[in-house]
Amino acid sequence: SVETYLFTILRRKIINNYRSQHVDKTCLLHDIYHKAGREDESRDPFGRIASPEATASWYARRDEQHECQSQALSGALRKLVEAFKKQLNFRELQIVEMLFYCRLANKDVAKIMDMTEQNIGVIKHRCLKRVRESVSQTSFSSDLTGPDFETLLTDLWESLRLSCPKRSTIGAYLLETLEPPWHDYVHFHLETLGCHFCRANLSDLKDQTTQEETSRLRKRIMESTVGFLHK
């Protein structure tokens, strides 16, 4: 364990320190091991002075567990989003975005989607069940319930931008060449959901389009008037 590894290093450092001083001192380790009544080395003498605070390995295990949980959930959420897009089921994708990404309440999502709160709850329950089943197929197992679980879903959705359309898709939306289902979804994602990252992409593409159009217009003017100019 991490404790054993670090403790062994510390013990040797302390012993070497006393040896280098060439003085006869009683080391704390020596005192613990050889004090009357504690000669039994099969027992853990340091258990008597164990700190109530979390140990280094506890933090290591916690971080490792969190990383495994994040990876498992990321894969499950990607699978869920890809399935929605493949089936062109953008209505449920929009609902999941508002629930997991924006953390809106069921009643607020129902109002935006013009549905009943009960229907939103059913869709949310079904999606969470699919995520948990997907995670259960991995080697990771944990309690995927409670507010902490949904908070982790939101953090992953935001950091990985799971449902954000590609830049090329946003460009096609700007040129109005997308199929109606995709066009409606991208419009929702940009205007209703208000994804800051995708709106920045859209603004950048608009600026590029304006600059290209200006450059083309200037080129056409110069080409169309060059015959009228004297040498």
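The model is predicted, so local features need pLDDT of at least 70 and side-chain atom pairs count only at pLDDT 80 or more, while totals for chains, interfaces and linings use all residues. Residues are numbered from 1 along each chain as its sequence is written, and side-chain values use heavy atoms, with hydrogens and water left out.

**Salt bridges**

- Side chains of opposite charge can pair when their charged atoms come close.
- A search of the whole structure finds three salt bridges, each defined as a side-chain nitrogen of Lys or Arg within 4 Å of a carboxyl oxygen of Asp or Glu.
- Arg126 and Glu92 form a salt bridge with an N to O distance of 2.7 Å. This pair links distant parts of the chain, 34 residues apart: Arg126 belongs to helix H6 (residues 117-136) and Glu92 to helix H4 (residues 90-101).
- Helices are DSSP runs of H or I with at least four residues, numbered from the N terminus.
- Glu92 counts as buried at 10% relative accessibility, whereas Arg126 is partly exposed at 35%. Buried means under 20% relative accessible area, exposed over 50%, and partly exposed in between, with a 1.4 Å probe and protein chains only.
- Arg167 pairs with Asp204 in a salt bridge, their closest N and O atoms being 2.5 Å apart. Because Arg167 lies in helix H8 (residues 167-174) and Asp204 in helix H10 (residues 196-225), the pair ties together parts that are 37 residues apart in sequence.
- Arg167 is partly exposed at 32% relative accessibility, and Asp204 is partly exposed with a relative accessible area of 32%.
- Glu191 forms a salt bridge with Arg199, with 3.5 Å between the closest N and O atoms. Glu191 is partly exposed at 41%, and Arg199 is partly exposed at 39%.

**Helix H9**

- Helix H9 has 13 residues (residues 180-192) and should span 18 Å at 1.5 Å a residue; its end C-alpha atoms are 17 Å apart, which agrees. The expected span is 1.5 Å times one less than the number of residues.
- Tyr185, Val186, Phe188, His189 and Leu190 are buried in H9.
- Gly194, which follows H9, has a positive phi near 70°.

**Surface patch**

- Val2, Tyr5, Leu6 and Ile9 form a nonpolar patch on the surface, with about 370 Å² of accessible area together. Such areas come from the Shrake-Rupley method with a 1.4 Å probe, and for residues only the protein chains shown count as cover.
- Patches are made of residues with over 30% relative accessible area and no salt bridge; nonpolar side chains (Val, Leu, Ile, Met, Phe, Trp, Tyr) are joined within 5 Å, and like charges within 9 Å.
- Val2 is located in helix H1 (residues 2-21) and counts as partly exposed at 31% relative accessibility.

Notes:
Helices (H or I, at least four residues) and strands (E, at least two) are DSSP runs, numbered from the N terminus.
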